[in-house]
Structure formats: C-alpha cells, structure tokens
Amino acid sequence: MLGHRTDLPFERDQSTRFLPWIVALMVFLGALMFAGALIVSDTIDSWDSTLTGRMTVQVPQDSATGPEIESLVTLLDATPGVAAVRPVPAREARALLIPWLGEEVVDSGLPIPALIDIELSAGARLDAGLLAARLSQLVPGTTVDDHRAWLSALINLGRTVEILAFVILALIASAAIVAVIFTTRSGLAVHAAIIELLHQMGAHDTYIARQFQIQAMKLSLRGGIAGAAAAGIVLLIFAWVGRGIDAAFLPPVTLTIGEWLALLIVPAGAVVIAMLTARLTVLRALARMP
C-alpha cells in the first residue's frame, strides 16, 4: 500500500505538508507520556512487591545485645501472620543510611538502632502498635515500622499520575484526530472539482475515500516514524543520564525490551487513527453530495 499511487493529485495540495509535522509532534509527546506511565507503573509494582507485606522492628542501640535480639526474634517467629524474621546485620543497616545521611555523618558515632526485618504471610495484617507493645515488654523502646502505612499514600499518588498520563495520551490522540479532519476537509475542498467529476462518473464513495485514506497513511507514517525516533533518542538520553543515580526510592529511568516494543503502539496507533479519520471524514462528506 505504501507504493500505491493515488489517482488524486495530492502533491498539489499544500495543506497536507503540515500533517507529518503535527503527527510527529503528537507521536513524540504520546510516546514520552506512555513511557512515563510505564516507568511509574514499574516503580509502583516494585514498591508493592518489595515493601508492602513487610515490617521493620527498630531496637535502641544500647539495648541491641545478642540475647535481647534473640528473644525478639523468638517472639516474632511465634507470632501468627509472620512468615519470616531476619535480623539485619549492622553493616547492612549502615549501608541503608549512607545514601540519606552521608558516610561522614553515619561514621561520626550516630546511634544506629538494630533492625529486624519481618516478612508477613500473604494477606496477613498485623497491628504495628500492638506488636510494638508486646516487643517493648521484652526490650523497652522497641518500635515497629509498618511500611504499608506510609507507602499506601505514595502508591495512590503514583496510580493517580499513571491515570493522568493516559488521560493526556487520550487528549493527544484527540488533537491528532482533529488535525486529520481539518487536513482531509481541506483536501476535499482543494480537489472538489475532480471529486465531483469522479462522483458523477459513477465512482464509488469507498474508492474516493480510499484515495484519502492512502494519502493519510503515507503522511502519518512519515510523521510517526520521525516522532517515534525523536522520542527514542530522548528516552535513551534520560536512561544514560539516570544510570548514575543510586537512590533507593527513585525509579530507574529505563524500559524493558517488552516496553520498548510496546511504545511502537503509539506511532502505529497514530497511523491507524489518521487512516480511519480520513476515511470516515470523506465518506461523511460524500454522503452529503447530491
């Protein structure tokens, strides 16, 4: 179909030369928006799988002796709903603080509490306050951090951003449809005499609509490839710049191979939308002709 020549002289229609640029811009913005939604979705899934369903017990440094830690682990192991208990080594706890406080502050004698990581059974929920009260009877000052309590607000924010990205993507697609409609109507006006002649000679509406459909496909394909290539370059630059960032909660600005392939939906969708919009616009206009 790409090599198919149309019977209408579209090369004389100056109004169509802007359509590839418009489609390129729409595909560029749409691909970036789609990639952003995928990255946010990956981040939320990572938080959901690694942090929810876990709790952390903090034991004051001056009480974190071997027997106290062992007694806490024994109590936690016997608690219903607890799947696994792991005392966090001091070296690992120190490594967790360094990205936030810096190595100099952490090594300055900062009292670092002993940590015990708790993995909950699937679907289990423990009251952090009641659990902390039980643990404090063994080791005073022990606290329990329920990750779900503070992470749920963050996940809700991420889901909202994800939905907003798809809403913007829908608005971009709507703007592309409007652009194709105006371009097709302009083409109908430019070639009105030829179309009317073909119509009177008995040419089917679908034949004339196919001419505009092929032209819309060629123009949108040209713009879609350019927009997708530009978006790919920008995403690669972001991935290269972000590869040195080592922050625990910042999402990696990278996409999987499957997600890169999924981005092709945007230019492919732009071509399909342009073809269908052009076809329907022409058929509707021809239906009003005598």
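Strand β1 (residues 54-59) runs antiparallel to strand β3 (residues 114-120), and six bridges join the two. The model described here is a predicted one. Strand β1 is also joined to strand β4 (residues 143-146), again in antiparallel orientation, through four bridges. Met 55 takes part in both pairings: Met 55 stands opposite Ile 118 in β3, and Met 55 likewise stands opposite Asp 146 in β4.

These strands belong to a protein with 10 helices and four strands. Along the sequence, the elements follow the pattern α-β-α-β-α-α-β-α-β-α-α-α-α-α. The protein has 290 residues, of which 37% count as buried. The accessible surface of the protein amounts to about 16600 Å², and carbon and sulfur atoms contribute 66% of that surface. When contacts between residues at least 6 apart in sequence are considered, 85% of them join residues at least 24 apart.

Several of the computed features involve helix α6, which comprises residues 147-190. Arg 148 lies in this helix. Apart from neighbours within four places in sequence, Arg 148 is in contact with Gly 53, Ala 124 and Arg 125. For Arg 148 and Arg 125, the separation is 23 residues in sequence and 9.8 Å in space, taken from C-alpha to C-alpha.

The structure holds one aromatic pair. The ring centres of Phe 34 and Phe 166 lie 6.1 Å apart and the ring planes meet at 65 degrees; the pair is therefore edge-to-face, because an angle over 60 degrees places a pair in that class. The two residues come from distant parts of the chain, with Phe 34 in helix α1 (residues 19-50) and Phe 166 in helix α6, 132 residues apart.

A nonpolar surface patch of about 460 Å² is formed by Ile 163, Leu 164, Val 167, Ile 168 and Leu 171. Among these residues, Ile 168 lies in helix α6. The relative accessibility of Ile 168 is 30%, and the residue accordingly counts as partly exposed.

Thr 277 is found in helix α10, which spans residues 265-287. Thr 277 has a relative accessible area of 10% and is therefore buried, as the value is under the 20% limit for that class. Leaving out residues up to four places away in sequence, Thr 277 touches Ile 177, Val 180 and Ile 181.

Taken together, the local features include an edge-to-face pair of Phe 34 and Phe 166, a nonpolar patch that includes Ile 168, and a buried threonine, Thr 277, in the case of helix α10.

Methods. Residues numbered from 1 in each chain as written. Predicted model: local features only at pLDDT ≥ 70, side-chain atom pairs only at ≥ 80, totals over all residues. Heavy atoms only, no water. Buried < 20%, exposed > 50% of the residue type's maximum accessible area, 1.4 Å probe, protein only. Contact = heavy atoms within 4.5 Å. Phe/Tyr/Trp six-rings, centres within 6.5 Å; stacked < 30°, edge-to-face > 60°. Patch = residues over 30% accessible without salt bridge, like charges linked within 9 Å, V, L, I, M, F, W, Y side chains within 5 Å. Areas by Shrake-Rupley, 256 points an atom, 1.4 Å probe, with all protein chains shown as cover. Salt bridge = Lys/Arg side-chain N within 4 Å of Asp/Glu carboxyl O. Pairing = 2+ DSSP bridges.
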